[in-house]
Amino acid sequence: MITLEGNHLTFRFPEVHESAKSVLQFQRTLRIPDNGKHYPLPPGLGAFPLRHVEDFTDRVPKGWRERAGVMMPLYQAEAMWISFDAGWRSRGGYPCAIKVAAGKINAISGKPWTPELDGSERDYIVVPEQPWLDGFCIAKDVIRQFVAMPLGSGYSVEEQITGKPEHGGLQFIVYPMLRERYEALLQQRERSSDHWAVAGASSLVLRCAAEPVRAMGLAAGGRMRQQIYADPHGLDAWDQSSSNRCFVTLVDAVQWREITGEAPPTKPPTAADYTKAGLPWFDYYAADLETLGGAQALALAKSVAEMAEEKGEQVLGPDGEVNPDTIINIGPGEISLPKALPRESKR
Amino acid sequence: MTGFGDYVRMARSTRAETDVRFSLRQVAQRIGVEPAYLSKIERGLVAPPSEATIIRLATDLGEDPDVLLALAGKVGSDLQAIILRRPKEFAELIRQLKNAPDHALLKVVREVRDGNW
């Protein structure tokens, strides 16, 4: 079962184990410059609001109603990252395998969405090892940041790969670890004082006239250093008879109030302004875990900046000079480190 | 009152064992209170702080705000607003569920509906 608790999406599997749950959150963040440089991890600036799509059936298109799930507001060219919390505050959490897609294109493999776990594809992430996902995996230890663009404008990775603006949004399917494998792991954790698993351990512009509601898709932004970890447990560790999936519709933030009656979040600061203020960036490495290579299909997708130049469009504001001086290095077990920093749940 | 203070002290001091940022002084600074006041809260010498402070404290310690509010004998203002909109219905619902086991409570929690995609 999936529940919406505050702005968290909680996936629970009580039929597998009372502790089997995984929590997803979508974090507002800076959009990093798309200039060929590789940037560290930007901060979290608070969670995006999430709402049940079915609560607004009279204000959303038929296709959204049919997909159901939840929705959240993003401005054009706004960046985001996904936080995976397997319950690290409760010492270790319950391991889950998660497939993540944008516009039904797998964010790790670049291949069209399939719900099944396929070990040969290595197209899923594992929590708590993977605490965050900031973008499309284009090369080993390099991602391109998730950046929202209007679906149909041609910028989204989905449109570039399939040629069609069909789905947009984000899609997830979560598989819990098999009960017996978890119990064995729990015993192993109890024997060891090394809580590896703690690794995972883990406010506008109003439109007066009613316009058609605009869905957003995720495009590829600037390059960032981020490791995507391979499954350390093996395919047979996952209970593929139990899964929960969810479609997260991305709504143009300027239309959020028309749909929900609520104000959307304010636009985040620019990366340049944030950096000038001396605020920190982050690096996260788990040295002992194997990392996945990038997907060619994703590496070949043009970034927003590249496509805007090609189209002769001005869709991104000026990036300004961004030289992150303060970079906090964190590793497994240190996720809570930046609590005092402007990052709500991590880094 | 002591239940709240004991819980906070235990949660904070457990973290402080491995992370100096959870000293009384640093936690107090981050949540915007005087260290002496936080100390009194932990020892149950004063009443629990305001809802806003409790939420900041829960967030800083990685604890559930609703649990901390309940320990302080409070109900979050968001929950109060929800109940006050339909007091009769929610009062009855809560009474009906007061002894239900956790798995039964989960059955009445609203699920995110999955459609066709």
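Guide: A residue is buried if 20 or more other C-beta atoms lie within 10 Å of its own, exposed if 12 or fewer, and partly exposed in between, with C-beta atoms placed from the backbone. This is a predicted model, in which local features need pLDDT of at least 70, side-chain atom pairs count only at pLDDT 80 or more, and totals for chains, interfaces and linings use all residues. Residues are numbered from 1 along each chain as its sequence is written, while chains are lettered from A and ligands numbered from 1 in the order in which they are written.

Start with the chain as a whole. Chain A holds seven helices and 18 strands. Helices (H or I, at least four residues) and strands (E, at least two) are DSSP runs, numbered from the N terminus. Of the 347 residues in chain A, 52% are buried.

Now to our strand, S16 of chain A, which covers residues 244-252. S16(A) is mostly covered, with eight of its nine residues buried. What does S16(A) pair with? Strands count as a pair if DSSP finds at least two bridges between them.

One partner is strand S6 of chain A, residues 70-74. S6(A) and S16(A) pair in the parallel sense over five bridges. Find Met72(A): its bridge partner in S16(A) is Leu250(A).

Strand S15 of chain A, residues 215-225, is also a partner. Here the pairing is antiparallel, over two bridges. Leu250(A) turns up again, as the bridge partner of Met216(A).

Next comes strand S14 of chain A, residues 170-176. S14(A) and S16(A) run antiparallel and are joined by five bridges.

Seven of its seven residues are buried. In a regular strand the side chains alternate between the two faces of the sheet. In S14(A), Leu170(A), Phe172(A), Val174(A) and Pro176(A) point one way. Gln171(A), Ile173(A) and Tyr175(A) point the other way, and the residues of both sets are buried. S14(A) also pairs with strand S8 of chain A, residues 96-102. Seven bridges join S8(A) and S14(A), which run antiparallel. Cys96(A) has Pro176(A) as its bridge partner there.

Go back to S6(A). In the loop between H1 and S6 of chain A sits Ala68(A). Phi of Ala68(A) is near 60°, a positive value in a residue other than glycine. Is Ala68(A) buried or exposed? Ala68(A) counts as buried because it has 20 C-beta neighbours inside 10 Å.

Compare another loop residue, Asp141(A), found between strand S12 (135-139) and strand S13 (142-150) of chain A. Phi of Asp141(A) is also positive, near 65°. Asp141(A) has 16 other C-beta atoms within 10 Å, so it is partly exposed.

Residues are in contact if their C-beta atoms, placed from the backbone, lie within 7 Å. By that rule, 21 residues of chain A are in contact with 15 residues of chain B. The chain A side divides into ten nonpolar, five polar and six charged residues. Ala, Val, Leu, Ile, Met, Phe, Trp, Tyr, Cys and Pro count as nonpolar, Asp, Glu, Lys and Arg as charged, and the others, Gly among them, as polar.

S1(A) and strand S2 of chain A, residues 8-12, pair in the antiparallel sense over four bridges. Thr3(A) stands opposite Thr10(A) in S2(A). The hairpin of S1(A) and S2(A) has two residues between the strands, and Gly6(A) takes a positive phi near 65°.

Chain B is divided into domain 1 (2-71) and domain 2 (77-108), with bounds that come from an automatic or database domain assignment. The C-alpha centres of these domains of chain B lie 28 Å apart.

Note on methods. Two residues are in contact if their C-beta atoms, placed from the backbone, lie within 7 Å.
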